[in-house]
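Please look over this model before reading on. My notes are meant to be read beside it.

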Amino acid sequence: ILFQIFDAFKSRLHDSNSKVNQVALETMHKMIPLLKDNLSPVINMLIPAMVDNNLNSKNPGIYAAATNVIRALCQHLDNYLLLQPFCTKAQFLNGKAKQDMTEKLA
């Protein structure tokens, strides 16, 4: 059931409506401390949705929300779960997002 919930939620994380996108990121930020390592089955699906457009967003609210989500992931999930998806994102992103992901990996 976790897959079904987050599969539906994932599209809101990169919604074309910036307000929907930002609220989804802020909601994800609130869910991470509650779900913690229980997110492990869906983390490979969620990280690209949270990072791809959001860390390079020119909208300061979306960028701040995405940064908060990445910070919460680092605080509440086992770093081992984040290593592979963060490496993949750092490898293929560009600009500010690549720098942010590289700093988190370091």
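This is a predicted model: local features need pLDDT of at least 70, side-chain atom pairs count only at pLDDT 80 or more; totals for chains, interfaces and linings use all residues.

The numbered points below go from the whole chain to single residues.

1. The protein has six helices and zero strands. Along the sequence the pattern reads α-α-α-α-α-α.

2. Overall dimensions. The C-alpha trace spans about 35 × 30 × 20 Å along its principal axes.

3. Burial and surface. Of the 106 residues, 37% count as buried. The accessible surface comes to about 6100 Å². Carbon and sulfur atoms hold 55% of that surface.

4. Contacts along the chain. Take the contacts with a sequence separation of 6 or more: 64% of them join residues 24 or more positions apart.

5. Charge. There are 11 positive and 8 negative side chains. The centres of the two sets lie 5 Å apart.

6. Helix α4. This helix covers residues 60-76, 17 residues in total. From first C-alpha to last it reaches 24 Å, close to the 24 Å expected at 1.5 Å a residue. Its buried residues are Ile 62, Ala 65, Ala 66, Thr 67, Val 69, Ile 70, Ala 72 and Leu 73. An α-helix has 3.6 residues a turn, so residues three or four places apart point the same way. Which helices do the buried residues of α4 pack against? They pack against α2 (18-35), α3 (43-51), α5 (79-92) and α6 (95-105).

7. Leu 73. This residue lies in α4. Is Leu 73 buried or exposed? Leu 73 has a relative accessible area of 0%, under the 20% cut-off, so it counts as buried. Leaving aside neighbours within four places in sequence, Leu 73 is in contact with Ile 32, Ile 43, Ile 47, Met 50 and Leu 82.

8. Phe 6. Look next at helix α1 (residues 2-10), where Phe 6 is found. Phe 6 has a relative accessible area of 3% and is therefore buried. Residues up to four places away aside, Phe 6 touches Met 28, Met 31, Leu 35, Leu 39, Val 42, Met 45 and Leu 46.

9. Leu 105. This leucine is found in helix α6. Its relative accessibility is 31%, so Leu 105 counts as partly exposed. Leu 105 still touches Leu 83, Phe 86, Cys 87 and Ala 90, not counting residues up to four places away in sequence. Leu 105 and Leu 83 are 22 residues apart in sequence and 7.3 Å apart in space, C-alpha to C-alpha.

10. Lys 36. Please check the backbone here. Lys 36 is not a glycine, yet it has a positive phi of about 45 degrees. Where does Lys 36 lie? Lys 36 lies in the loop between α2 and α3. With a relative accessible area of 41%, Lys 36 is partly exposed.

Conventions
Residues are numbered from 1 along each chain as its sequence is written. Side-chain values use heavy atoms; hydrogens and water are left out. Helices (H or I, at least four residues) and strands (E, at least two) are DSSP runs, numbered from the N terminus. Buried means under 20% relative accessible area, exposed over 50%, partly exposed in between (1.4 Å probe, protein chains only). Contact means heavy atoms within 4.5 Å. Accessible areas come from the Shrake-Rupley method with a 1.4 Å probe; for residues, only the protein chains shown count as cover. Lys and Arg count as positive and Asp and Glu as negative; His and the chain ends are not counted. The place of a charge is taken as NZ of Lys, CZ of Arg, CG of Asp or CD of Glu. The expected span of a helix is 1.5 Å times one less than its number of residues.
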